[in-house]
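Here is a short briefing on one protein chain.

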Amino acid sequence: MKKMILLLVLCMITCQSFGQKYFTKTGTLNFEASVPAFEPVKASHSTTTAILDIATGKIAVLALVKGFRFKNALMEEHFNENYMDSDTYPKATFNGIIDGFSIDDLDVAKDYTVRGELNIHGKTKKIETTLTLAQVDDRLTLQTSFTAIPADFNIEIPGIVKEKISDKIRVSGNFELVKR
């Protein structure tokens, strides 16, 4: 009987914690490091994972670096091999918390401040940005954008191409999360 009660309690805890999370494996991340008069330097990633715990406002995002796609295959190869060292540093992550988050406030799109740690290329940096959240039926939509500086993550831009790549990378994300 004690085992049955313990099993029931564990099941309730598990079901409750899963009911408080929203999740996606198809989030989109884009970045652009273009400068005027040169070939555009931009990529998109459409299989980014994100999870949001609506009870705590904690959010986590994971992108496999090799998932970024460029128009130019050679640029993609250089990105993975020469800049991001994606065999050594295969993922980029963000772990943070949304200030003042409440699922009850999402009847209209609302802007929130999110603070957390961005890890790229084996280097972690604290960041703060704004994200927009809205509830659409049983889904949450999340949009954000911020700027990252390659030097902050020990990413070196060779002198020969330094003029062709911005020293400030514009990153944007769009996610449609479903209850897990």
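Ala, Val, Leu, Ile, Met, Phe, Trp, Tyr, Cys and Pro count here as nonpolar; Asp, Glu, Lys and Arg count as charged; the others, Gly among them, count as polar. By that scheme, the lining of the largest pocket holds 37 nonpolar residues, eight polar and two charged. The model is predicted.

**Fold**
- The chain has two helices and eight strands.
- Along the sequence, the elements follow the pattern α-β-β-β-α-β-β-β-β-β.
- Take the contacts between residues at least 6 apart in sequence: 59% of them join residues at least 24 apart.

**Surface and burial**
- Of the 180 residues in the chain, 37% are buried.
- The accessible surface comes to about 11200 Å².
- Carbon and sulfur atoms account for 56% of that surface.

**Largest pocket**
- The largest pocket holds about 980 Å³ of space.
- Its lining counts 47 residues, and Phe31, Ala33, Phe79, Met84 and Ile169 are the closest to the pocket centre.

**Thr49**
- Thr49 lies in strand E2, which covers residues 42–53.
- Is Thr49 buried or partly exposed? Its relative accessible area is 23%. Buried means under 20% and exposed means over 50%, so a value in between counts as partly exposed. Thr49 is therefore partly exposed.
- Leaving aside neighbours within four places in sequence, Thr49 is in contact with Phe23, Thr24, Lys25, Ala60, Val61 and Leu62.
- Thr24, one of these contacts, is 25 residues from Thr49 in sequence. The two C-alpha atoms are 5.5 Å apart.

**Arg180**
- Arg180 lies in the segment after E8.
- Arg180 has a relative accessibility of 47%, so it counts as partly exposed.

Key
Residues are numbered from 1 along each chain as its sequence is written. This is a predicted model: local features need pLDDT of at least 70, side-chain atom pairs count only at pLDDT 80 or more; totals for chains, interfaces and linings use all residues. Side-chain values use heavy atoms; hydrogens and water are left out. On a 1 Å grid over the protein atoms alone, a cavity is a set of points where a 1.4 Å probe fits but cannot get out, and a pocket is an open set with protein on both sides within 12 Å along at least five of seven lines; lining residues have an atom within 4 Å of a point. Grid points are joined across faces, edges and corners, and a volume is the space filled by probe spheres set on the points. Helices (H or I, at least four residues) and strands (E, at least two) are DSSP runs, numbered from the N terminus. Buried means under 20% relative accessible area, exposed over 50%, partly exposed in between (1.4 Å probe, protein chains only). Contact means heavy atoms within 4.5 Å. Accessible areas come from the Shrake-Rupley method with a 1.4 Å probe; for residues, only the protein chains shown count as cover.
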